[in-house]
Amino acid sequence: MLDELAPVAARAAAILTERRETIAVADGATGGLILAGLLTVPGATRFCRGGGVVYSLQGRDILLGLSRDELAGMESVTERYALVQAEAIRPRFGADWGIAESGSAGPDHHPRGAPAGRSCIAVSGPGISVATTFDSGTSERITNMGAFARAALAFLVETLEMTAPLPEA
């Protein structure tokens, strides 16, 4: 699976490294595969601050430090929820960029009702916060975990390519 993530992760890494920018990751249904993909790149410490897997309320509280008020009325596996996570992970790790994924890997529907195979991905950076929804069309858990991570890394590259680098300090 990592061999499929490595090429797109390398493209994201090249952009981040060239710009001297950093990223932090809040993995969800990917189980850490987004971060693992980025860590396949030699010298990842130049651009990757770290991250973690948000797979429980306690994990979310510890990793993201969001208050209950900030999450009031929010459902997981939504673009809005992914955006809140991407925006929260950045300052927690002192990164320029944050990426988050919240999905339903399957084989059953998510406990909150999202269908298996759905992933919401968000990227937040200087002056930009964007999100997208990815549907794999399958309920196969392992397939979805990899597909969600590939989609997230591809969305990261797309977002980085459409934004200007940070101004030199």
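Two strands are taken to pair if DSSP finds at least two bridges between them. Helices (H or I, at least four residues) and strands (E, at least two) are DSSP runs, numbered from the N terminus. The views below show a predicted model, in which local features need pLDDT of at least 70 and side-chain atom pairs count only at pLDDT 80 or more, whereas totals for chains, interfaces and linings use all residues. Residues are numbered from 1 along each chain as its sequence is written, and side-chain values use heavy atoms, with hydrogens and water left out.

View 1. Five strands form an open sheet in the order β2-β1-β3-β4-β5, with mixed pairing.

**View 2. Strand β1 and its two partners.** Strand β1 (residues 23-27) has five of its five residues buried, so it is largely enclosed by the rest of the structure; buried means under 20% relative accessible area, exposed over 50%, and partly exposed in between (1.4 Å probe, protein chains only). Ile 23, Val 25 and Asp 27 point one way from β1, and Ala 24 and Ala 26 point the other way. Five bridges link β1 to the parallel strand β2 (residues 48-53), where Val 53 stands opposite Asp 27. Four bridges link β1 to strand β3 (residues 97-104), also in parallel, and Gly 98 of β3 is the bridge partner of Ala 24. Together, β1, helix α2 (residues 33-39) and β2 make a right-handed β-α-β unit; right-handed means that, with the strands pointing away from the viewer, the path from the first strand over the helix to the second runs clockwise.

View 3. Thr 22 is placed in the loop between α1 (2-19) and β1. This residue is buried, with a relative accessible area of 7%. Not counting residues up to four places away in sequence, Thr 22 touches Leu 16, Arg 46, Phe 47, Arg 49, Gly 94, Ala 95, Asp 96 and Trp 97, contact meaning heavy atoms within 4.5 Å.

**View 4. Strands β4 and β5 with helix α6.** Strand β4 (residues 118-125) and β5 pair in the antiparallel sense over eight bridges. Ala 131 in β5 is the bridge partner of Ala 122. Helix α6 (residues 141-161) lies across β1, β3, β4 and β5, and runs at about 30° to β4.

**View 5. The contact of helices α3 and α5.** The axes of helix α3 (residues 57-64) and helix α5 (residues 79-93) come within 9 Å and cross at roughly 45°. The two helices are therefore oblique to each other; angles under 35 degrees count as roughly parallel, over 145 as roughly antiparallel, 65 to 115 as roughly perpendicular and the rest as oblique. Arg 60, Ile 62, Leu 63 and Leu 64 in α3 meet Tyr 81, Gln 85, Ala 88, Ile 89, Arg 92 and Phe 93 in α5.

**View 6. Arg 92 in helix α5.** Arg 92 lies in helix α5 and is partly exposed, with a relative accessible area of 45%. Leaving aside neighbours within four places in sequence, Arg 92 is in contact with Ile 62, Leu 63, Leu 64 and Gly 65. The C-alpha atoms of Arg 92 and Gly 65 are separated by 7.9 Å, although these residues are 27 residues apart along the chain.

How values were computed
Axes fitted to C-alpha atoms, helices over the stretch in contact; angles between N-to-C directions.
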